[in-house]
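Thank you all for making the time this morning. Please have a look at the sequence and the structure on the screen, and I will then talk us through them piece by piece.

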Amino acid sequence: LPVRFGEDPKEITTLIQSSDTLEAFANGIIGMEKDVGAPLGDFEAAQGNLPLPVVGTVRRSYNEADAAGVARPGMVIATRPAALVTTPWAATLRYRGPLLDYGNVMVLEPAQGYLLILAGMSDVFGEVGDVLLAGEPVGLMGGEEGSAQEFGIGFVQGAASGGDADRSETLYIELRKGKDTLDPTDWFVLNPIVGDTGQDGATE
């Protein structure tokens with residue numbers, strides 16, 4: 001498989017140590033020398049039709065502030081424990097591993113100039129330079145799946161109504177073009193779940 005900058009681990013280590021924000025890290029990734037291009041395919045034409053990388057509900061939208069008043073240029077998906085995370089489009093793996101306070105971070109390049117950043121996974125798969133097909137697993141969310149006894153009628157009703165009773169983990173999704181961030185809701189299909197009671201951003 002083609003390798004981008006994996007042959008020079010000092011380069012990525014230096015970038016990690018010198019980056020104090022996710023934005024600085026992403027901009028550094030873009031500026032790195034690369035030996036091969038991004039996967040072929042009309043990524044821009046897929047805008048509005050990409051599947052979410054994980055099944056869940058939108059907890060915070062693009063640039064929406066959290067409880068601490070911090071707004072990030074991405075969206076947060078509430079997921080079930082141990083949920084599988086996949087790549088929504090064929091992409092080259094540019095980075096995987098811990099970064100700042102984001103936990104495990106996966107940086108994918110679905111097209112030249114675009115970066116898809118996934119953060120908050122417990123486990124991440126693949127090696128830098130791997131070219132992944134759409135739908136390939138890239139990580140697992142944290143936590144443990146509950147036992148059968150935990151999934152009572154109240155739990156099922158809460159999940160069916162769009163509640164987060166079964167979604168204790170969160171995946172952060174950021175999409176960048178060059179040095180600009182894009183609203184992921186313009187790119188991903190956000191289908192309301194069956195039995196939605198009107199909560200905004202419910203997806204399944």
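Predicted model: local features only at pLDDT ≥ 70, side-chain atom pairs only at ≥ 80, totals over all residues.

Let me now step back to the whole chain. The protein has three helices and eleven strands, and their order along the sequence is α-α-β-β-β-β-β-β-β-β-β-α-β-β. Of the 204 residues in the protein, 41% are buried. The protein exposes about 10,000 Å², and carbon and sulfur atoms supply 51% of that area. If we take the contacts between residues at least 6 apart in sequence, 68% of them join residues at least 24 apart.

T87 gives us a local view of such contacts. T87 has its place in the loop between β3 and β4, and with a relative accessible area of 2% T87 is buried. Once we leave aside the neighbours within four places in sequence, T87 is in contact with L108, L132, L133, A134, G135, E136 and V138. The C-alpha atoms of T87 and P51 are separated by 8.8 Å, and these two residues are 36 residues apart along the chain.

I turn next to the charged pairs. How many salt bridges does the count come to? The count comes to four, and I will go through some of them. In one of them the side chains of R94 and E109 meet, at 3.2 Å from N to O. Because R94 lies in strand β4, residues 91-98, and E109 in strand β5, residues 104-111, this pair ties together parts that are 15 residues apart in sequence. Both ends are out of the way of the probe, in the sense that R94 is buried and E109 is buried as well.

Another salt bridge brings together the side chains of E127 and R96, at 3.3 Å from N to O. This pair links distant parts of the chain, since E127 sits in the loop between β7 and β8 while R96 is in strand β4, 31 residues apart. Here both residues are partly exposed, E127 with a relative accessible area of 49% and R96 with one of 29%. A further salt bridge joins the side chains of E174 and R176, at 2.7 Å from N to O, and both of these residues are buried.

Now to the open space in the model. The largest pocket holds about 250 Å³ of space, and of the 15 residues that line it, the closest to its centre are R60, R72, V76, Y102 and Y172. Strands β6, residues 114-121, and β10, residues 169-177, each supply at least two residues of this lining.

Finally, a word on the backbone. Most residues other than glycine have a negative phi, and with that in mind I would point to two residues. Phi of N63 is near 65°, a positive value; N63 is found in the loop between β1 and β2 and is partly exposed, with a relative accessible area of 42%. Phi of A82 is near 60°, also a positive value; A82 is found in the loop between β2 and β3, and at 27% relative accessibility A82 counts as partly exposed.

That is where I will stop, and I am happy to go back to any of these places on the screen.

Notes
Residues numbered from 1 in each chain as written. Heavy atoms only, no water. Helix = DSSP H or I, 4+ residues; strand = E, 2+ residues; numbered from the N terminus. Buried < 20%, exposed > 50% of the residue type's maximum accessible area, 1.4 Å probe, protein only. Contact = heavy atoms within 4.5 Å. Areas by Shrake-Rupley, 256 points an atom, 1.4 Å probe, with all protein chains shown as cover. 1 Å grid on protein atoms, 1.4 Å probe; cavity = no way out; pocket = protein on both sides within 12 Å on 5 of 7 lines; lining within 4 Å. Points joined across faces, edges and corners; volume = space filled by probe spheres on them.
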